[in-house]
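Reader: Could you walk me through this structure, one step at a time?

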Amino acid sequence: MKIDVVTIFPDYFAPLKLSLLGKASESGIVEFQIHDLRSFARNNHHAVDDTPYGGGAGMVMLPEVWGLALDPLMVENTDLIILTPAGKRFDQPMAESLSASSHIVFACGRYEGIDDRVRQHYSTQEYSSRNIRVHEVSIGDYVLGGGEVASLVMIEAITRLLPGVLGNPLSLSEESHNEDGYLEYPNFTKPSIWRDIPVPEILLSGNHGEIAKWRAEQASKRAENNI
Ligand code: ADE
């Protein structure tokens, strides 16, 4: 999988070199390329934004700069993700569906967002006929300073689903066999008693059928409490 990120803050993406993601890119499972949006600004002050037509507070990111940055990335079979709090809510099924993509481009907006004509332009037939899909995505009902952190969240959730990224692939199959997919049961390890709190006895019983039943009950209790 190839992942391109367009941002005015390339330094936000240093964590891609760490942990699972770092290993995944070292081993070639995923290739990250971070592009500095400002390097596509052709105006005197390298501005990437301007005041909104119709008035109002804040600044809007210039379509011209985004077009120059995105055009070379819009190759056949691409998912273009525009991060915005007004987008479709990111969830595990969306992560699973995007993990089948061969190329994802994250467009990280700042300020009041990106001029909507960028979304309109790349949503036209010219692009959809080349299998280029545009998605406006939000990671939750709160407003961040921009799409950088949101795209890091998405990148981690998507790339850990790629074959070979997790050390133990059984972790993934356990997740997907779980009734709710990802709402897990509580976990325990050694010692069997810690600060007077014992591990639930059933887990020490060796009875795998009963353990599976207990875990399913615990997972659905957790899910109920989180609703
Ligand atoms: N940009 C600002 N807030 C955001 C959010 N919640 N999700 C995605 N992008 C954003």
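Author: Gladly! Two strands pair if DSSP finds at least two bridges between them, and strands (E, at least two residues) are DSSP runs, numbered from the N terminus. This is a predicted model, where local features need pLDDT of at least 70, side-chain atom pairs count only at pLDDT 80 or more, and totals for chains, interfaces and linings use all residues. Residues are numbered from 1 along each chain as its sequence is written, and side-chain values use heavy atoms, with hydrogens and water left out.

Reader: How many bridges join strand 5 to strand 7?

Author: Strand 5 covers 78-89 and strand 7 covers 132-138. The two run parallel, and Asp-79 stands opposite Arg-133 in strand 7. The number of bridges joining them is eight.

Reader: Which residue has a backbone N or O atom 3.0 Å from a nitrogen atom of the ligand?

Author: A polar contact here is a pair of N or O atoms within 3.5 Å. A polar backbone atom of Thr-84 is 3.4 Å from a ligand nitrogen, and for a backbone N or O atom of Gly-140 the distance is 3.2 Å. The residue at 3.0 Å is Ile-139.

Conventions: A polar contact is a pair of N or O atoms within 3.5 Å; within protein, one must be able to donate a hydrogen and the other to accept it, and residues adjacent in sequence count only if both atoms are side-chain atoms. Helices (H or I, at least four residues) and strands (E, at least two) are DSSP runs, numbered from the N terminus.
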